[in-house]
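Here is a walk through one protein chain for someone meeting it for the first time. Have a look at the picture, then read on.

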Amino acid sequence: FDNDECKPASLPINSSEKLSNKMSSSRFIRSPEPMHWNAVKHLLRYLRGTATRRLEYKRDAESEIVGYCDADWGSDPDERKSTSGYIFLAQGGAISWSCKKQPTVALSTCEAEYMAVSAAVQEASWWRGISTLFGSNQPIEIRCDNQSCIAIAKNGGYNPRTKHIDIRHHYIRDSLEQGVVKLEYVSTDNQIADGLTKPLQRTKLEENRSSMGITSTSGGVLNWK
C-alpha cells in the first residue's frame with residue numbers, strides 16, 4: 001500500500017462521520033468505490049500511528065473479571081439496527097471484546113441496551129465457567145450505563161413496555177437469579193465499551209484505550225508487569 005511513510009492518524013474514523021451501507025468498507029470489498037478506499041487508507045494511517053501499542057496486564061491489578069457493555073441505538077442509517085459492544089477486563093487489561101450489529105431492530109434505546117447486555121451475559125457465562133476452575137464462585141460483574149435496562153433485567157414481573165422484546169433475551173434474569181452475573185450501573189463517562197459502538201473524540205478514545213490496558217510500552221504484543 002506504500003504507507004510506510006504516511007502521516008499517522010489519531011482516530012480510526014472521523015468521529016463526526018456517519019457511515020451508511022454505501023460507505024461501509026467491510027461490506028463492499030467486492031466492488032469498492034473511492035470513498036471506501038479513502039476510509040481504508042485512513043484506517044491504515046491509524047494503524048501506522050498505533051503500531052507500538054500493546055496490551056499490558058499487571059500482577060497487582062484487580063484479578064476479578066469485570067465486563068462493560070454498551071449499545072448505539074439505530075446507528076445503521078440504512079436498516080436502523082443498533083450496534084452492541086462489550087469488553088471484559090482482568091488484571092488491568094482486556095481479555096475479550098466484541099462489536100456487532102444487532103440482528104433485529106430495537107424500538108428504543110433501552111431495548112438496544114438490553115440486547116447488548118444479553119450478548120455480554122453470554123460471554124460472561126463462559127468466563128464464569130473458567131473462573132470456577134480456579135476456585136472462584138463470584139458472579140461476573142457487568143457494568144451498563146442505562147438504568148432502565150438494569151431495572152428491566154432485575155424486575156421479573158410483567159412490563160407492557162417491554163413485552164415485545166424477544167424472550168431469548170430474558171435469560172438475563174435467570175443468570176442474575178442463579179448468581180452467574182450481576183448488573184451494576186456505570187456512568188457514560190466511565191463506560192469503557194463506548195468506543196466499541198461509536199466513533200469517539202481523541203481525548204475520550206485515549207482514555208478508553210488506557211482503561212483497556214493498551215499502552216505504548218515496548219516489547220511483544222502482550223506485556224505482563
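In which sense do strand β2 and β5 pair, and over how many bridges? Strand β2, covering residues 66-72, pairs with β5 in the parallel sense, and three bridges hold that pairing. At one spot, G67 stands opposite I142 in β5. Keep in mind that this is a predicted model.

**The overall layout**

Let's step back for a moment. The chain has 225 residues, and buried ones make up 43% of them. It contains five helices and eight strands, which run α-β-β-β-β-α-β-α-α-β-α-β-β from the N terminus on. Among contacts with a separation of 6 or more, 70% are between residues 24 or more positions apart.

Five of the strands make an open sheet with mixed pairing, in the order β4-β3-β2-β5-β6. The edges are taken by β4 (93-101) and β6 (181-185), each with a single partner strand, so one side of each has no neighbour in the sheet. On average, neighbouring strands here are turned by 20° against each other, direction ignored.

At one end of that order, strand β3 (residues 83-90) and β4 run antiparallel, joined by eight bridges. A90 has G93 in β4 as its bridge partner. Helix α3 (residues 147-154) packs on the sheet, where it touches β5 (140-144) and β6, and its direction makes about 150° with that of β6.

Now back to β5. It pairs with β6 in the parallel sense over five bridges, and R143 has E184 in β6 as its bridge partner. Four of the five residues of β5 are buried, so this strand is largely enclosed by the rest of the structure.

**The greasy inside**

In soluble globular proteins, nonpolar side chains tend to be buried together. Here, the largest nonpolar core has 25 residues, and F88, V117, I142, I172, V181 and L183 have the most contacts inside it. At least two residues each come from β3, α2 (109-133), β5, α3, α4 (171-177) and β6. Which element gives the largest share of this core? That is α2, with seven residues.

Leaving aside its neighbours within four places in sequence, V117 is in contact with C69, C144, C149, I172 and L183. There is also a second, separate core of 12 residues, including L55, Y57, L196 and M212.

**Charged pairs**

Side chains of opposite charge can pair when their charged atoms come close. The count of salt bridges in this model comes to seven, and here are some of them.

| Salt bridge | N to O distance |
|---|---|
| K198 and D70 | 3.1 Å |
| K101 and D76 | 3.3 Å |
| E141 and R143 | 2.6 Å |

K101 in strand β4 and D76 in the loop between β2 and β3 are 25 residues apart. K101 is partly exposed at 33% relative accessibility, while D76 is buried at 6%. In the remaining pair of the table, E141 is buried at 15% and R143 is partly exposed at 24%.

Methods:
Residues numbered from 1 in each chain as written. Predicted model: local features only at pLDDT ≥ 70, side-chain atom pairs only at ≥ 80, totals over all residues. Heavy atoms only, no water. Buried < 20%, exposed > 50% of the residue type's maximum accessible area, 1.4 Å probe, protein only. Contact = heavy atoms within 4.5 Å. Pairing = 2+ DSSP bridges. Axes fitted to C-alpha atoms, helices over the stretch in contact; angles between N-to-C directions. Core = buried A, V, L, I, M, F, W, Y, C linked by side-chain atoms within 4.5 Å. Salt bridge = Lys/Arg side-chain N within 4 Å of Asp/Glu carboxyl O.
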